[in-house]
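Here is a friendly briefing to read alongside the model. Please have a viewer open, and follow the topics in any order you like.

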Amino acid sequence: MSGGDGPDAPAGLKEALPISAHHSPGITELGALRRRAREDPEGFWRPLVEGLYWHERAGPIFAPRPDPPYGQWLKGWTTNLCYNAVDRWIATPRRNQVAFYWEGEPGDRRAISYFELYREVNRLAATMRQLGVGVGDRVSIYLPMIPEAIVALLATVRLGAIHSVVFGGFAAQALADRINDSRSRLVVTADGGFRAGRTVELKRIVDQALAQTPSVERVLLFRRTGAPVPLEEGRDVWYDSVAPAGPVVVPPVWVDATHPSFILYTSGTTGKPKGAVHSTGGYMLWLDYTTRAVFDLHERDVFWCTADLGWVTGHSYVAYGPLLRGATSLVYEGAPTTPAPDRWWKLIEHYGVSVLYTSPTAIRSFIQLGDAWPGSHDLSSLRLLGSVGEPINPEAWLWYDERIGRKRCPIVDTWWQTETGGILISAQPGNAVTPLKPGSACFPLPGVDAAVVDEHGRPVAPGQKGLLVIRRPWPGQFIGLWGDPERYRSVYFDRFPGWYYPADFALQDRDGYYWLLGRADEVMKIAGHRLATAELEDILIMHPAVAESAVIGRSDAIKGEVPVACVILRPGYAPTPKLREELREHVRTSLGPIAVPAQLYFVARLPKTRSAKIMRRLLRDVVEERPLGDTTTLEDDTSLEEARRAYAELQREIDRERR
Ligand code: WTA
């Protein structure tokens, strides 16, 4: 143990690229970069790789391989993600800069310097090591948006262990499934968190989940709400009672660039969530590159990505991206409208936020709350706005531009996925000569070889809707699905061999701009949160009253999409409003509040094809109250009539309740 001022810079540590340098290319440069990335990837990536710290170097930056994902990045190069995000700055003047301004929902504040972050990460890493966490072990993290959550990510990768963050809004069953799939030994959680003026009792949910998770040996608890929680002897420990009292240094564990840094569960087309596995070196390179290329952060910036750490946007642009750039960020714990609808605008004013990165759902809900809330605040510190997670409609884009950016700030609409690690398609703000188009994500970043194709893989004409594909590997690409190599291949690479298939519709207009048009599979985006219809169906069927169900995403003016469930009951159960509420409650307590069906109606039969596949497309037509699409493959039209009647009856019932 040593209590010095930080680590000595290891031999070979290059001074990290100064944050003050301008990194966003102009339009001519952008064209050249694109060409260079295509024709000479090694030459394109080399200077970016050199800006990061590698302990040992062996082999090429990229080596093609015959199997998905068709290549490996930096195999033989060793590094540590935490070292690059934190330690690297301790030997530079950034040591004393603020890494995070943090504000809790009740209004408590902290400013954490890079040095303080370094201290905290080492303290937690020492504690985790003492609890038995080693290289390759999985650690499940279930925390509110408190600084300790970011510290927990960093401490885990410092030890060469693998984090699996579970969104704090997921309920017990969802948490248990994710812990079991990753077979985590340690769960890091808190007594609770603050959200929308209430407390969320995280530890209670953990206790429910842990009744069915044999792999978990220890639970490490942070205190946040101060609420009393039961402790299980021998399993649960308060962090403060086991953490070393004084300063401690845990040497970073050097791992191969292809070593997994984290698993993040995301939804596919079946009920079982997929554990997307990210690498260490390629992921790090991608985050360093995209944070620089898209947000171009400088010393004077305060960057605020409003995502929760439980989703990929939180991993990449709350935690790793800004830290790898040595930037200063804002992290806020709570709800946007607590205690009043101007909480966000107050935060921007108070901290002088210069870059705001948020979701279209947030923007649409602010539109609804009225212009006076942002209007009464000084937002002149903003210089750049970002959007992520779902298609942004032109109306929301224009409001964001006018009311928040005050027509002074470019907007970057960034398209990417859990699987892609970081942003793939986005405008680059330094490149101001490219006119932005409201609702378009503009162009793939240099190094991203995208195309829009028909179902046979042939390019479609400009203006035509097709399927998005990425035709070459990129460093941030996920390297597997945890424990399921077969699903990795079949979901993402079998559709168009040699390419990555994201399952998104897109079109390219005559000027080459990309427009992202939503999912091409049964995955919903509810307020930007990704959830499979099948996940919800699997939860519904666990209730004793449910024989079968079909869930669809119905479009919603604020949330983009909301789930609507069509349910067949088992004999002996009556379709009452009380049962409807009970089923919604069942979803809330098993899967979480985001998954609760906006509407739920009962039928005796579901519309199916002759091969017994549920025709969700037609159910969607029913709930969106539009003419039915092609019904020729439908086995029995009366099922559809019935769904229509049942749904109409539900609407009448809702109207009656309103009156
Ligand atoms: C959607 C979130 C349109 C898309 C980072 C994708 C978007 C899915 C955009 C991934 C955007 C994300 N415009 N659609 N700018 N960004 N999406 O894994 O359908 O939670 O496939 O990652 O969100 O969701 P995920």
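Let's begin with Ser354, which counts as buried because its relative accessibility is 5%; buried means under 20% relative accessible area, exposed over 50%, and partly exposed in between, with a 1.4 Å probe and protein chains only. This is a predicted model, in which local features need pLDDT of at least 70 and side-chain atom pairs count only at pLDDT 80 or more, while totals for chains, interfaces and linings use all residues. Residues are numbered from 1 along each chain as its sequence is written, and side-chain values use heavy atoms, with hydrogens and water left out.

**Around Ser354**
- Ser354 sits in the loop that runs between α11 (343–351) and β18 (355–358); helices (H or I, at least four residues) and strands (E, at least two) are DSSP runs, numbered from the N terminus.
- Apart from neighbours within four places in sequence, Ser354 is in contact with Asp301, Val302, Ser381, Leu382, Arg383 and Leu384, where contact means heavy atoms within 4.5 Å.

**The ligand site**
- Which residues are closest to the ligand? Thr414, Thr418, Asp504, Lys525 and Arg530 are, out of 17 residues that surround the ligand; a residue is near a molecule or strand if one of its heavy atoms lies within 4 Å of it.
- By class, this shell holds six nonpolar, five polar and six charged residues. Ala, Val, Leu, Ile, Met, Phe, Trp, Tyr, Cys and Pro count as nonpolar, Asp, Glu, Lys and Arg as charged, and the others, Gly among them, as polar.
- At least two shell residues come from each of α10 (312–324), β20 (411–414) and β25 (514–519).
- Thr418 places a polar side-chain atom 2.5 Å from an oxygen atom of the ligand. A polar contact is a pair of N or O atoms within 3.5 Å; within protein, one must be able to donate a hydrogen and the other to accept it, and residues adjacent in sequence count only if both atoms are side-chain atoms.
- The ligand taken alone exposes 530 Å², and the protein buries 97% of that; accessible areas come from the Shrake-Rupley method with a 1.4 Å probe, and for residues only the protein chains shown count as cover.

**Helices to look at**
- After α10 comes Gly326, with a positive phi near 70 degrees.
- In α12 (residues 360–369), the residues Pro360, Thr361, Ala362, Ile363, Arg364 and Phe366 are buried. Their cover includes α11, β18, β19 (384–388), α14 (394–404) and β29 (560–569).
- Gly370 follows α12 and has a positive phi, near 105 degrees.
- Glu641 belongs to helix α19 (residues 637–658) and counts as partly exposed because its relative accessibility is 39%.

**The whole fold**
- The protein contains 19 helices and 30 strands, and buried residues make up 59% of its 659 residues.
- Along its principal axes, the C-alpha trace spans about 75 × 65 × 55 Å.
- Of the contacts between residues at least 6 apart in sequence, 72% join residues at least 24 apart.
- The protein exposes about 25200 Å², with carbon and sulfur atoms supplying 52% of it.
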